[in-house]
Amino acid sequence: MNVITLYDAIGEIIDEFIQEAETVQPKIRKYRWKGFIAACFLIAILTIPVSAEFKNGYVSNLLAPLYGSAQTDIVDKVGIPIEAVVTVGNYTLSADAIIGDRYSFAIVYTLKRADGNPLPEGLYFENDYNSLNGDFGGGICEYILSEDCTSLKIVQKWTSSTKLPFNRNATIEFSNLMQENGNDNKITVAEGTWRLKFIVRYERSGKVIPLETITVKDDSGIAYCIQNIELSPVGVHFDMTVPNPNQNGFDNKPIYQDFTLSIILDDSTEVRVENWNIGTYGDLNSDTLTADFGALFDIPIPIENIVSLRICQSVVKLP
């Protein structure tokens, strides 16, 4: 699909962009907080809003690895990097869709063989880099092989402790295609670096929830003092003050593991948020630390359908 074709399908191209708005089990690679640790074909990229009004399900198919095709019809707009594609050797990588808010994002890519032959199971990239990731945050990379083995969907997710910059150029790199062969054995399938560059722009669809500072406690009795909540259709962010668990030295025990969050909808449905990050910073000799909580929802949720948040043992009603 080229730019003109996509323009005709949509009817217009707007200068403001939105990034906030299956059955196959993914292979997940986890990363530490500090970030995601050669012929290259570069094309100038437009990132445009695409409504889920596509009758052919094109947008749903793009986001199926992230949300599941039956659930993406509630996504109003997603960013699509047009013709962001690079081929190294016999393997072609494309950036298909990006969605997120001011603190989190997810990007869906597709890897295929240039000759169209099936891909083997167990493929992954040895290293990847994403310039959108800040110095502090956490993320994962998921690999999902299609049923016919002709394409490998790659989903990068990142949640930052600080606001992501707008109108930014993204540089994405994947290096050295590997294959796991069982028993922790791995082989190099293709060497090289797949590099993509495109512009990411979006309007701010999230909103700050006005509230006075509140304190909640988890099941372990740990108190979290929440000063700010920012909510979007795809995720949530809290600014908090928390007790310093390392005041007397590091003990390497999991911290804040009993913190919980659920979204309560207007039909009384309660959706548990399972995948989240809590980052802390400050003086390790002090009693408290500054912290941030961030999460991408498993499926997008329109803000107007959310009536309250269950944070640990407390329910916070939204205005």
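Two strands pair if DSSP finds at least two bridges between them. Strands are DSSP runs of E, at least two residues long, numbered from the N terminus. The model is predicted: local features need pLDDT of at least 70, side-chain atom pairs count only at pLDDT 80 or more, and totals for chains, interfaces and linings use all residues. Residues are numbered from 1 along each chain as its sequence is written, and side-chain values use heavy atoms, with hydrogens and water left out.

**View 1. An open sheet of three strands runs in the order β7-β10-β11.** Pairing is antiparallel. The edges are β7 (123-130) and β11 (186-200), each of which pairs on one side only. Neighbouring strands are turned by 20° against each other on average, direction ignored. That angle is taken between axes, which are lines fitted to C-alpha atoms; angles run from 0 to 180 degrees between N-to-C directions.

**View 2. Strand β10 (residues 168-180) and its bridges.** Seven bridges join β10 to β7. Asn-130 has Ile-172 of β10 as its bridge partner. Twelve bridges join β10 to β11 in the antiparallel sense. Here Thr-171 stands opposite Lys-197 of β11. The hairpin of β10 and β11 has five residues between the strands. Gly-182 in this hairpin takes a positive phi near 90°.

**View 3. Tyr-224 and Phe-259 form an edge-to-face pair.** Rings of Phe, Tyr and Trp (its six-membered ring) pair if their centres lie within 6.5 Å; planes under 30 degrees apart count as stacked, over 60 as edge-to-face and the rest as tilted. The whole structure holds ten aromatic pairs. In this one, the centres are 4.7 Å apart and the planes stand at 75°. Tyr-224 lies in β14 (residues 223-231) and Phe-259 in the loop between β15 (235-243) and β16 (261-265), so the pair ties together parts 35 residues apart in sequence. Tyr-224 is buried at 0% relative accessibility, and Phe-259 is buried at 1%. Buried means under 20% relative accessible area, exposed over 50%, partly exposed in between (1.4 Å probe, protein chains only).

**View 4. Trp-276 and Phe-293 form a tilted pair.** Their ring centres are 5.6 Å apart, with planes at 35°. Trp-276 lies in β18 (residues 276-281) and Phe-293 in β19 (residues 288-296), so parts 17 residues apart in sequence are tied together. Trp-276 is partly exposed, at 26% relative accessible area. Phe-293 is buried, at 0%. Both rings belong to one aromatic cluster, which also includes Tyr-224, Phe-238, Tyr-256 and Phe-259.

How values were computed:
Helix = DSSP H or I, 4+ residues; strand = E, 2+ residues; numbered from the N terminus.
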